[in-house]
Amino acid sequence: MTDLDDRAVRTATAPVPRTAFLPAADPTAPPFAGSGKTAPDDAPTDTAAGRFAATNPAAVSHPALDDTAAWDRYADRVLDARHRSRRAPVVATLQIVERRRIADRLGHRGVDELLAQLAWLVDGDLEPDDRLGPDGHGGLRLLLRHTSPHQVARRLDRIVSRLTRREFHVGGEPVRVTPVVGWTTADDGVGEADEDVSDDAADTATERDEKARRLERMSTRAREAADAAAAQLDLVPRRWTPELAPAAAEAEPKGFLGFLRTPKFLESLRTPVQVLATFVLGIGLPLAVLVGALQFGIDLGTPAYFFVVASLVFTATTIWVEGFRALSPDTPPEAPAGPYPAAVAIIPAYLPNEAATIMETVRHFQRQDYPGELSIVVAYNTPRRLPVEAELAAAAADDPRLTVIDVPFSTSKAQNVNAALQVADGEITGIFDADHQPRRDAFTRAWRWISHGADVVQGHCVVRNGSASMVARTVAVEFESIYAVSHPGRASLHGFGLFGGSNGFWRTSVLHATRMRAEMLTEDIDSSIRAVLDGRKCVYDPGLLSYELAPATLSALWHQRIRWAQGWFQVSRRHLDAAVRSPRLSARNKIGMAFLLGWRELYPWIALMIIPVVAFQAWKAGGVTNLDFLVPSLLLATIYTTAVGPGQTLFAWRLAAPEVKKHPRWFLGYLFVASLGYSELRNVIARVAQLKELTGERRWVITPRDTDASPEDAAAGATAIDGATAADGAGTAERTVDEKVLVDRDTAEGLVVGTETRTVTVPAQQEVVR
């Protein structure tokens, strides 16, 4: 098995100057609670495990780690008797990503000391018929019996969660670990020479060899699944499937409506067909139901009318309430509760898309005004070698605060963030996209929140290239309506905020235990929802400003918003039920979750229903001219809901960041565009995104960065951010270079298949005078 430390991160610079040793967090439950087992007298207690191990490591040695043969014999007997149970035995492998780093720092005795502590904690979660032992590759191997696959996933998830939350002490130093778990059942891969071996014939050498091969197959599969977990670093135990075998091709995921997928020859028409399908489902189907019910003497027109009108009024009222609540947002405490601790800025990047902005972003973070120690971690992935990688390496060599990590296995922002966490040793961690430029006091302001009990702080994202195009101006105002109005108003109304993917600050121990999940299109929303469900305090601060680049074209905006909407729908499907049932959430929180994850997903369809309802009424009345549109309820509801657009725009202007507020024409233009159909475009995007998710289409189209900010935007941004010169805002000069690229993508082990030289043009990076 490849060492997981190597699989986790590959630095593009000199060896990482920091370890994954993180500060203390709250202890969790006692290690033997509820397990039915008794700890030996000299086993470490939950609060004293690290200190005990550091002073007397031999006393905490777990006996199961010294007898691999006993585990194998027991596993053989269990596998021979598997037909006696409805539930197949399970073999799981648990590895620690930081193993090699700990060995380099503390020696092999340090690894053994940590493994012993892990074994005692894991043993406390095992049932009497389960067994624990070493896996022969520096980790643990578990045999679980009488447990369904669903229960196995829950049990292993609980073990991983406990290990991640725990602070261990090895050699007197605090250590946090990233466990990765893979598992398989005796029924996985049946038909691949996994047939039972009879006890009656087990005395022959051939059959004993077959038993050994059977157990080795299960152990190998568990390690392959652990490798898959190591590639994600998201703390999710992975079950072995044939697709995880080295020679298996990666299968495309399917949704439960996968049979509705567009044929390949209509690939270019996929999205137009999906848009049309949403109108058929949202207009044609309700109209058919109304007409069909009337044929049986049931008039659903009036109830449908009042339902739609009530829904529109309810949603409009919620928006009005959020707007008024946003006028008095929460503010951070005036002073921090303690001294400024070490902090980390993580900048995940996909370099082909962000090569033009990443160096400017790094230089900006190097100028952050933070009283404590600030480290900067750039974690990137790229399908080919780029000149900017050499620039990043040179910058890291010149500045010990900067660590650059090439994540070769990564295909997502989530994996880059998770890889960066291996070297994030601060007490607070800020996550920023590669085009973000936060104000110089960002970390100082965030610490005032976190030091007083907040676990996650989301700031206000401001568009800094609004002059680039009409689309960028529209997005600039829309961001103010979201970040200056909706987010603070909603956080005040529901009692919790959400991490939005960038300009968000986490207590590092919480982020370490939560992680990002690459299978989620909006890994940010997923992680913050999981944090809230875990009882964490998430707040929103509209005064915590960071400046970013907006999509400059309608195509780029469409792809970005489709991904956001589909990601929200993923999160809703996964977490809505758990949210409304959560014992940790108050009634106020649950109402907020139901609104965010439930009602918000239904509303785009409900808003569209006004068309079939009115059409049905017109059909019944004998024509549109026979309808009375001056019905008081309809007239008042129309005025009330229509006023939401101007009202929200006014709130946005009133609360906007100064750099955007000084452009009143942008707000008037936004109101005009929204009235013409931009609001319905957002509803169309939401409906299409749901259809894509249900049909299993989960493609992530990269949003291109617009680097041509106008001189006005650049100057305003530089002044607002940190008082730097306007020349630091944007560079428009270009240079032509010869770029050596990989013909084939690197493998996880960094295999170079071949290279060729191409001539490319990239924006020039201006020097910054400190």
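In this predicted model, strand 2 (residues 90–96) and strand 4 (residues 140–144) run antiparallel and are joined by five bridges. Val 91 has Leu 143 of strand 4 as its bridge partner.

Two helices pack on the sheet to which these strands belong. Helix 4 (residues 99–123) touches strand 2, strand 3 and strand 4. Helix 5 (residues 149–165) touches strand 2, strand 4, strand 7 (179–185) and strand 8. The table gives the direction of each helix relative to one strand.

| Helix | Residues | Reference strand | Angle between directions |
|---|---|---|---|
| Helix 4 | residues 99–123 | strand 4 | about 20 degrees |
| Helix 5 | residues 149–165 | strand 7 (179–185) | about 165 degrees |

The sheet itself is open and mixed in pairing, with five strands in the order 3-4-2-7-8. Its edges are strand 3 (131–134) and strand 8 (238–239), each of which pairs on one side only.

The largest nonpolar core has 43 residues, and the members that touch the most others are Ile 431, Trp 506, Met 516, Ile 529, Met 593 and Leu 597. Elements giving two or more residues to this core include helix 6 (205–232), strand 9 (343–350), strand 10 (374–381), helix 17 (554–581) and helix 18 (587–608). Helix 16 contributes the most, five residues. Leaving out residues up to four places away in sequence, Leu 597 touches Ile 529, Trp 568, Val 571, Ser 572, His 575, Leu 576 and Ala 579. Another core, of 36 residues, lies apart from the largest one; among its members are Ala 343, Ile 347, Ile 358 and Ala 395. In soluble globular proteins, nonpolar side chains tend to be buried together.

Val 471 is part of helix 14 (residues 470–494). Val 471 counts as buried because its relative accessibility is 14%, and the cut-off for buried is under 20%. Beyond neighbours within four places in sequence, Val 471 contacts Pro 551, Ala 552, Thr 553, Leu 554 and Leu 557. Val 471 and Leu 557 are 86 residues apart along the chain, with 7.9 Å between their C-alpha atoms.

For the whole protein chain, there are 24 helices and 18 strands. Of its 770 residues, 55% count as buried. Among contacts with a separation of 6 or more, 80% are between residues 24 or more positions apart.

How values were computed: Residues are numbered from 1 along each chain as its sequence is written. This is a predicted model: local features need pLDDT of at least 70, side-chain atom pairs count only at pLDDT 80 or more; totals for chains, interfaces and linings use all residues. Side-chain values use heavy atoms; hydrogens and water are left out. Helices (H or I, at least four residues) and strands (E, at least two) are DSSP runs, numbered from the N terminus. Buried means under 20% relative accessible area, exposed over 50%, partly exposed in between (1.4 Å probe, protein chains only). Contact means heavy atoms within 4.5 Å. Two strands pair if DSSP finds at least two bridges between them. Axes are lines fitted to C-alpha atoms, for helices over the stretch in contact, and angles run from 0 to 180 degrees between N-to-C directions. A nonpolar core is a set of buried Ala, Val, Leu, Ile, Met, Phe, Trp, Tyr and Cys residues joined through side-chain atoms within 4.5 Å.
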